Amino acid sequence: MKISFKPAERHSCGLAIIPVFEDMTLNGISSDLKLGFKSLAQAADFKGKNGKTFRVYAVENSGAQQVVFIGAGKKDKFNAEMFAAKAMKQLLLERQTSWVFYLDGIGLDPDGAARAALGADLAAYRFDQYRTKLPESKKPVVSDITIVCDDAKMATISYENYHGAEAAGVKLARDLVNEPPNVIYPAAYAQRIKELESLGLDVKILGETEMTKLGMHTLLGVGKGSVRESQLVIMSWNGGDKGDSPVALVGKGVTFDTGGISLKPGAGMWDMKGDMGGSAAVVGTLMTLAARKAKANVIGVVGLVENMPDGDAQLPGDIITSYSGQTVEVQNTDAEGRLVLADALWYTKEEYKPKAMVNLATLTGAIIVALGHEHAGLFSNDDNIAAQLLSAGETSTDKVWRLPLGKAYDRLLDSPNADMKNIGGRSAGSITAAQFLQRFVGDTPWAHLDVAGTAMKNTRHDPRETTFGTGFGVRLLNRWIADNYEG
Ligand code: BES
Ligand code: MN
Ligand code: ZN
């Protein structure tokens, strides 16, 4: 998709999109159309109600083959990103390649104009490359989006330096989640990440031999039943001051979670191709940071494994030694994400001594029971980081909700046979999972985001979310780093 920002002139296009506010006045260059507009709107019984549309064809002097007027509600509440996303959702299958959004003369700042482009781009995202029988009429043809705005120059800069890079990162994260498990398995996934080196990221891949040498047996244990080799991938973006300790992002990348010997039921198991959504957010964020040349040092670490039942798979009751030296009794092989993260977190802490460490994981079904698909669960040992993430959640629209940690929850993991077991009891499943992770971060200021309900969704209401993989986390982390760790 080609995206550009242009000054308030008429531009020739297939589809011109014009917001109409409740007072039924047209603004900016669109107001040139006002003569015809009043009577046309009346004839179409259009009163500017939010989301209502009417369309005219070949409007004289408009430069457009079609002009779509869209009710945009109250002017002071106008959200350009959502407006553009809704318009895109509604009009995506129009047979028009070039679209112009007329957003000039409505008091929209350059950031808002750039966000409109982001909203349109995210709403146009598709994952249909495997659908060989999809009729042409169901395939979008939009290829060019122009945002007409008051300060096209600044909007271009805002898009190139921030929102455009973010959109690319979100779409990469969505692709990674949507791709099937026979395409994205650990080694293939690691190679995809390796390709990001072209953006200036440094990518290091550890295989099973290296991880065995290091003693990463909680991560390796999860992959034992799989014929696919487990991988630990480390991405570095060094855009900050030399020697400045980095921020670290750590992701759960279970490319498929059958549950292992504690096998999951068959119905819906296919969703577990998305059990690498936390890692996808980390990869998408690192891509975004590199694409916009962020002035920060950031490390991304993802543990990539496939959780399978097999003659060689780990068993409930197995006691394994983590990279940290702590031992774990694996009571349930389906509580595998925390085993992967235990080694990835300890490795990140030891190797990079980050000033802050955030991990993301589709960790528990229980977080969906608690928060549904609206907020990710936030757990932290540091009130400052928690506050930063809550705030970044609001501005980025990747929302998070904090849940507690505490000694009494931690105790639920004690085992008579090892330093801990990998499951708590029936209650507080998301919290005991977070307590487990906390045992592997030491004193590092740390937060855990449980994205099981937000990284993948089978039903969606937000027009910016178009597929199972949502890309949740990229916008949040990008905002968090931009607000707190750059300059
Ligand atoms: N990947 C799942 C969590 C999950 C469930 C994500 C549904 C998205 C949708 C995780 O590995 C898991 O299986 N967790 C178990 C933990 C339990 C065994 C303590 C769960 O939530 O049931
Ligand atoms: Mn599991
Ligand atoms: Zn899992």
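1. About 440 Å³ of space lies in the second largest pocket of this predicted model, where a volume is the space filled by probe spheres set on grid points joined across faces, edges and corners. Of the 24 residues that line this pocket, T397, K457, D462, R464 and E465 are the closest to its centre, and the elements that give two or more residues to the lining are α2 (80-91), α3 (110-123) and α4 (152-178). By class, the lining of the second largest pocket has four nonpolar, eight polar and twelve charged residues.

2. A pocket here is an open set of points on a 1 Å grid over the protein atoms alone, with protein on both sides within 12 Å along at least five of seven lines, whereas a cavity is a set of points where a 1.4 Å probe fits but cannot get out; lining residues have an atom within 4 Å of a point.

3. The largest pocket holds about 690 Å³ of space and is lined by 33 residues, of which K264, L363, T364, G365 and A366 lie nearest its centre. Two or more residues of that lining come from each of β9 (247-257), α9 (337-352), α10 (366-371) and α13 (429-438), and the lining divides into twelve nonpolar, twelve polar and nine charged residues.

4. The space taken by ligand 1 is this largest pocket, a molecule being placed in a pocket if more than half of its atoms lie within 2 Å of the grid points. Ligand 1 is surrounded by 17 residues, the closest being K264, D275, D334, E336 and G365, where near means a heavy atom within 4 Å. That shell divides into six nonpolar, four polar and seven charged residues.

5. Taken alone, ligand 1 exposes 520 Å², and the protein buries 77% of that, with areas from the Shrake-Rupley method and a 1.4 Å probe.

6. The structure also holds four cavities of 30 Å³ or more, and about 70 Å³ of space lies in the largest cavity. Residues R10, A16, I18, I29, S30, L33, S62, V67 and Y102 line the largest cavity, giving six nonpolar, two polar and one charged by class.

7. Residues are numbered from 1 along each chain as its sequence is written, and chains are lettered from A and ligands numbered from 1 in the order in which they are written. As the model is predicted, local features need pLDDT of at least 70 and side-chain atom pairs count only at pLDDT 80 or more, while totals for chains, interfaces and linings use all residues, and side-chain values use heavy atoms, with hydrogens and water left out.

Notes:
Ala, Val, Leu, Ile, Met, Phe, Trp, Tyr, Cys and Pro count as nonpolar, Asp, Glu, Lys and Arg as charged, and the others, Gly among them, as polar. Helices (H or I, at least four residues) and strands (E, at least two) are DSSP runs, numbered from the N terminus.
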